[in-house]
Amino acid sequence: LKLKLYVIYNDGNADRAIELNTSLQDCACCGAKVSSTEWLDFMCHNLGADEAADPFTPSAANHGAKYKWGVKTVALTQAQDQDPAYDSGITDWTNITPPPGTTGINWLSTDNPCPPGWRVPTIEEWQSVIDNNDEYRTDNGTSWTVANATQSWSASNTDFDNGIKFGDALVLPAAGYRSHSNGSLSNRGQNGDYWSSTANTSKGRRLYILGNDHGADANDGGYRSYGFSVRCVAE
């Protein structure tokens, strides 16, 4: 909301008015540093999540949908992703929202799954988030602690409460992923895979968070038919 205020006063001779302009934002603000002086705005929820859910506490409501790389259309909604009937695989998964086969491209703007004004982050932006923010983890919804190699998350199809926090304003749930071959669910509660818009030859680059041996890695690629999470950034 853009707000224009006028301060009206009398200077002893006549009424005067001073115009003041401000803006109000009735929402949680999410993002992270990408350098010592730059900030990148992120959506508060994974794409396809319940936007009424608390964005700073991992839960089933904010895990979101699963997408294949380079595709605008959702591959699996949040409700489908959390339906036990889909845990062991998806019929004809490889033909559902098939990704582009062109090598050496970025996620095309015409196939951007994010709403207007938002886009999929680049792998360089994900790396900058890792490089410029302290990392914290929560295990089964307990308090946030500084990430370290002694912490461990266990994979479970019913574990929605683990996640990693970068700085104070960006939380990524450990939402697991869907297999590139048959769409079966893997590693919910133990890791999270977040697409970037950057290609890796015939694959797609991703941010990878893991709860046992390290915090986050932005140097990994994955088959484009994997079902990963998407977290949009402001254009």
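Strand β6 (residues 135-138) and strand β8 (residues 163-166) run antiparallel and are joined by four bridges. The model is predicted, so to speak of local features requires pLDDT of at least 70, side-chain atom pairs count only at pLDDT 80 or more, and totals for chains, interfaces and linings use all residues. Residues are numbered from 1 along each chain as its sequence is written, and side-chain values use heavy atoms, with hydrogens and water left out.

**Sheet**

- Strands (E, at least two residues) and helices (H or I, at least four) are DSSP runs numbered from the N terminus.
- An open sheet is formed by four strands in the order β7-β6-β8-β9, with antiparallel pairing; two strands pair if DSSP finds at least two bridges between them.
- β7 (145-146) and β9 (170-173) are at the edges with a single partner strand each, so one side of each has no neighbour in the sheet.
- Tyrosine 136 has lysine 165, in β8, as its bridge partner.

**Nonpolar cores**

- A nonpolar core is a set of buried Ala, Val, Leu, Ile, Met, Phe, Trp, Tyr and Cys residues joined through side-chain atoms within 4.5 Å; buried means under 20% relative accessible area, exposed over 50%, and partly exposed in between (1.4 Å probe, protein chains only).
- The largest nonpolar core has 20 residues, of which Phe166, Leu172 and Leu207 touch the most other members.
- At least two residues of this core come from each of β4 (39-42), α2 (123-132), β8, β9, β13 (203-210) and β14 (216-223).
- α2 supplies the largest share of this core, four residues.
- Another core, of 16 residues, lies apart from it and includes Leu47, Cys114, Tyr177 and Trp195.
- Not counting residues up to four places away in sequence, leucine 172 touches Trp126, Gly163, Ile164, Phe166, Tyr194, Leu207, Ile209 and Arg231; contact means heavy atoms within 4.5 Å.

**Nonpolar surface patch**

- Leu5, Val7, Tyr9, Ile18 and Leu20 make a nonpolar surface patch of about 410 Å².
- β1 (2-10) and β2 (15-23) each supply at least two residues of the patch, and β1 gives the most, with three.
- Valine 7 lies in strand β1 and counts as partly exposed at 39% relative accessibility.

**Serine 156**

- Serine 156 is in the loop between β7 and β8 and is partly exposed, with a relative accessible area of 28%.
- Its C-alpha atom is separated by 6.6 Å from that of asparagine 187, 31 residues apart along the chain.
- Leaving aside neighbours within four places in sequence, serine 156 is in contact with Arg188 and Gly189.

Technical notes
Patches are made of residues with over 30% relative accessible area and no salt bridge: like charges are joined within 9 Å, nonpolar side chains (Val, Leu, Ile, Met, Phe, Trp, Tyr) within 5 Å. Accessible areas come from the Shrake-Rupley method with a 1.4 Å probe; for residues, only the protein chains shown count as cover. A salt bridge is a side-chain nitrogen of Lys or Arg within 4 Å of a carboxyl oxygen of Asp or Glu.
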